[in-house]
Amino acid sequence: MDNNTIKKIAHDEIKADDVQMQLVIDLGKQKINQNHLLRYSLFNLFCSSLRFTRIRTWLTQFSLLLLTAFFITKMISKEPSVLIIQCVTIAIIFSAFFFINELFQSFTTGMWELEQTLKYDLRQHTMTKLLIFGVADLCLILCLALICQGVVSIPFWQIILYLLVPFNITCIVLFSLFTIWRNNLTSFIFWIGSGLIVMGTVILINAFNVYELGVAYWGIAFTLSTVFLGAIVMEMMKTKKWEAYY
Amino acid sequence: MELELKNVTKSYDDIIALNNVSFRLVPGVYGLLGSNGSGKTTLFRIISGVLKQTTGTVTHNREDIRANSDAFRSVLGFLPQDFSYYPDFTGMKFMLYIAALKGINKNLAKKRCLELLTLVGLEDVKNKKIKKYSGGMKQRLGIAQAMINDPEVLILDEPTVGLDPKERVRFRNLISSFSKNKIVILSTHIVSDIEYIADEILVLNKGILENRGPSSVLIETIRGYVWETEVENDKLDQMLMDHLISNQKHEGNRTVLRIISIEKPAPNAKQVHPTLEDLYLYYFREEAGR
């Protein structure tokens with residue numbers, strides 16, 4: 001193409017084919033949508049799980065933390081250390097209930113059947129929530145243990161043991177309930193199970209002087225309960241376990 | 001694009017819910033017709049991956065859906081028979097939640113959710129909590145969530161339950177407009193729902209795929225088996241006991257009966273053109289006690 005030709009066509013308007021343009025745009029949009037659907041991102045799943053956790057759950061946990069902290073600091077010189085630890089233990093157990101209730105919402109509301117068919121399926125979604133709530137609960141336990149340490153004359157790591165062992169046992173019982181009754185789990189069964197745990201805990205810590213047991217026993221209980229809880233969680237993570245059974 | 005089931009069987013202890021079911025589907029609308037307990041929901045649960053079959057394979061574009069479950073779920077839309085929801089979620093929040101779990105980008109999800117809520121007539125109540133929705137509204141929400149990811153395979157288990165006639169017409173139009181280049185399978189007891197929109201009907205009876213084909217072809221299989229006759233009211237009870245009645249219409253001291261019978265049921269009976277409802281009664285006559 002020489003300069004003359006270029007000069008001649010410089011001001012020529014090339015008419016666009018609007019129909020074809022729109023077709024190309026539509027095909028492009030379709031391709032973008034397809035790519036979105038095929039894209040796999042655990043980070044996005046993590047963010048979605050966080051985004052759609054009910055605000056009520058976070059507020060409940062935060063309120064529990066504040067109330068327990070307020071209660072502990074008010075009881076500084078008035079009550080024995082054991083009673084403070086017992087109260088914090090009950091608070092931790094309730095915290096576990098609220099988080100696990102949120103974790104199992106898919107089952108207690110009957111949404112599990114639909115969620116099992118989504119791109120990020122029920123197993124992936126539940127495990128992500130377990131990670132979020134597990135970390136949140138551990139942070140809560142750490143906070144309360146730090147507050148307790150300033151109030152009672154017990155070493156920090158000992159307080160952690162006193163709190164983590166009942167927490168682990170609570171999780172073991174509730175996760176076992178879930179495994180047995182998964183597709184038939186209802187709020188009623190969940191809260192009955194939770195009530196029994198609270199009752200059992202109160203009876204145990206009042207009937208037996210568990211805090212007088214040596215730290216070594218608490219250490220063993222912590223190790224065993226953690227290993228058992230880990231085994232239950234690993235079992236829950238198996239893909240085959242998430243297939244429906246009727 | 002195709003979805004194929006080969007020799008799929010599902011059994012629970014002594015009960016065989018699905019017995020050696022095989023079929024191949026290409027893009028189109030398919031109606032699954034069957035009585036209660038015929039295996040429709042079991043079939044849908046197997047196709048959607050909720051339930052594992054005892055034997056047989058389910059493939060999508062020649063790939064086993066179980067081996068490739070992540071990819072298949074990306075192109076699947078499913079409305080379960082017992083559609084559940086999070087009661088404290090609003091309609092819009094629920095749709096955004098499902099969109100997030102279907103891997104749809106946030107901005108696109110908002111636009112798509114609004115579009116679908118408008119299509120199903122829920123745009124005015126999108127910010128209302130689902131627990132305050134009527135049964136029909138909940139069902140429409142269920143249909144909308146199934147379509148968020150513009151699925152290639154759309155499975156709807158009894159989608160028109162709780163919908164009034166106007167909503168059922170809207171649903172039929174929605175499916176018809178959606179179904180180009182998609183595989184849509186829907187089950188229903190309301191025969192008219194599939195009569196107008198289904199390209200093909202699959203008849204499932206006690207876990208066995210008894211027949212399949214366009215409704216006009218299936219109806220032809222019972223041509224000559226549908227009769228109309230007038231009876232005196234004092235003979236009505238006997239006729240009801242002896243024959244499979246599709247419809248009865250009282251006219252003074254006589255009743256016009258529409259009867260499904262291989263043989264002529266009465267001397268004055270006339271053969272009439274069968275309908276899909278007659279076909280349903282013919283196939284599931286044992287459940288009707290005939």
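How far apart do the C-alpha centres of domain 1 of chain B and domain 2 of chain B lie? The answer is 38 Å. Keep in mind that you're looking at a predicted model.

**Domains of chain B**

- Chain B splits into domain 1, covering 3-220, and domain 2, covering 226-272.
- Between the C-alpha centres of these two domains of chain B there are 38 Å.

**The four-strand sheet of chain B**

- If you trace this open sheet across, the strands come in the order β2-β1-β4-β5 (chain B), and the pairing is antiparallel.
- At the edges you'll find β2 (15-25) and β5 (63-64) of chain B; each has a single partner strand, so one side of each has no neighbour in the sheet.
- Helix α1 (residues 40-48) of chain B packs on this sheet, where it touches β1, β2 and β4 of chain B.
- The direction of α1 of chain B makes about 60 degrees with that of β2(B).
- Inside the sheet, β1 (residues 3-12) and β4 (residues 55-60) of chain B are antiparallel partners, joined over five bridges.

**The six-strand sheet of chain B**

- Another open sheet has six strands, in the order β6-β7-β8-β3-β9-β10 (chain B), and here the pairing is mixed.
- Its edge strands are β6 (76-79) and β10 (208-213) of chain B, each of which pairs on one side only.
- On average, neighbouring strands in this sheet are turned by 15 degrees against each other, ignoring direction.
- β6(B) runs parallel to β7 (residues 153-157) of chain B, and four bridges join the two.
- A handy pair to look up is G77(B), which stands opposite L154(B) in β7(B).
- Lying across β6 and β7 of chain B is helix α5 (residues 135-146) of chain B, which runs at about 170 degrees to β6(B).

**Where chain A meets chain B**

- The contact draws 26 residues from chain A and 29 residues from chain B.
- On the chain A side, the elements giving two or more residues are α2 (18-38) and α7 (112-115) of chain A.
- Which element gives the largest share of the side of chain A that touches chain B? That's α2(A), with four residues.

Notes: Residues numbered from 1 in each chain as written. Chains lettered and ligands numbered in written order. Predicted model: local features only at pLDDT ≥ 70, side-chain atom pairs only at ≥ 80, totals over all residues. Contact = placed C-beta atoms within 7 Å. Pairing = 2+ DSSP bridges. Axes fitted to C-alpha atoms, helices over the stretch in contact; angles between N-to-C directions. Domains from an automatic or database assignment.
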